[in-house]
Amino acid sequence: MADEQEQTSPEEQALADEWAAALAEAGDDASQADIDAMMSQAAPAAPAAPRVPMEDFASMPRANGPVSLDGPNLDVILDIPVSISMEVGNTDITIRNLLQLNQGSVIELDRLAGEPLDVLVNGTLIAHGEVVVVNEKFGIRLTDVISPSERIKRLR
């Protein structure tokens, strides 16, 4: 019996745990024999893929070729909405100072006045820009855009 448990894969153990939980929920006293009988009736799991040691990943050749925006797979994701934000700057403050903030408080940022803003898409830097006013609304004029291939590399 101890040999059988040592040979049980994690998938089989998870399935056995699910059966035990289902039987317990139904008010049935599930014994190990009942669980073993149900497990033997279940379809055999597919053999697990051989595991590759971590050091083998480092030695594998990488395709460092140029990343292309061309290809049929990109069309699938072109209409997915993303969140774009502009970061003026940031700073770290203590919770004590945060709780003391009120209207009129000034927070010093890590950027100089006139320095370009960071344009972030889902938290990933894609460009730098400067603030402009368009039709009485704020906007940003992009001054430096990271190349598409570099943006895709940063997403990985």
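Which residues is D118 in contact with, leaving aside its neighbours within four places in sequence?

1. Contacts of D118. The list is S85, M86, E87, R111, L125, A127 and H128, with neighbours within four places in sequence left aside. Contact means heavy atoms within 4.5 Å.

2. Basis. This is a predicted model, where local features need pLDDT of at least 70, side-chain atom pairs count only at pLDDT 80 or more, and totals for chains, interfaces and linings use all residues. Residues are numbered from 1 along each chain as its sequence is written, and side-chain values use heavy atoms, without hydrogens and water.

3. Setting of D118. The residue lies in strand β2, residues 117-121. Strands are DSSP E runs of at least two residues; helices are H or I runs of at least four; both are numbered from the N terminus. D118 counts as buried because its relative accessibility is 12% (buried is under 20% relative accessible area, exposed over 50%, partly exposed in between; 1.4 Å probe, protein chains only).

4. Polar partner. The side chains of D118 and H128 are joined by a polar contact of 3.0 Å. Such a contact is a pair of N or O atoms within 3.5 Å; within protein, one must be able to donate a hydrogen and the other to accept it, and residues adjacent in sequence count only if both atoms are side-chain atoms.

5. Strands β3 (residues 124-134) and β4 (residues 137-145) run antiparallel, joined by eight bridges; pairing requires at least two DSSP bridges. V132 sits opposite G139 in β4. Two residues separate the strands, and N135 has a positive phi near 50°.

6. Whole chain. The chain has six helices and four strands. Their order from the N terminus is α-α-α-α-β-α-β-β-β-α. Of the 156 residues, 12% are buried.
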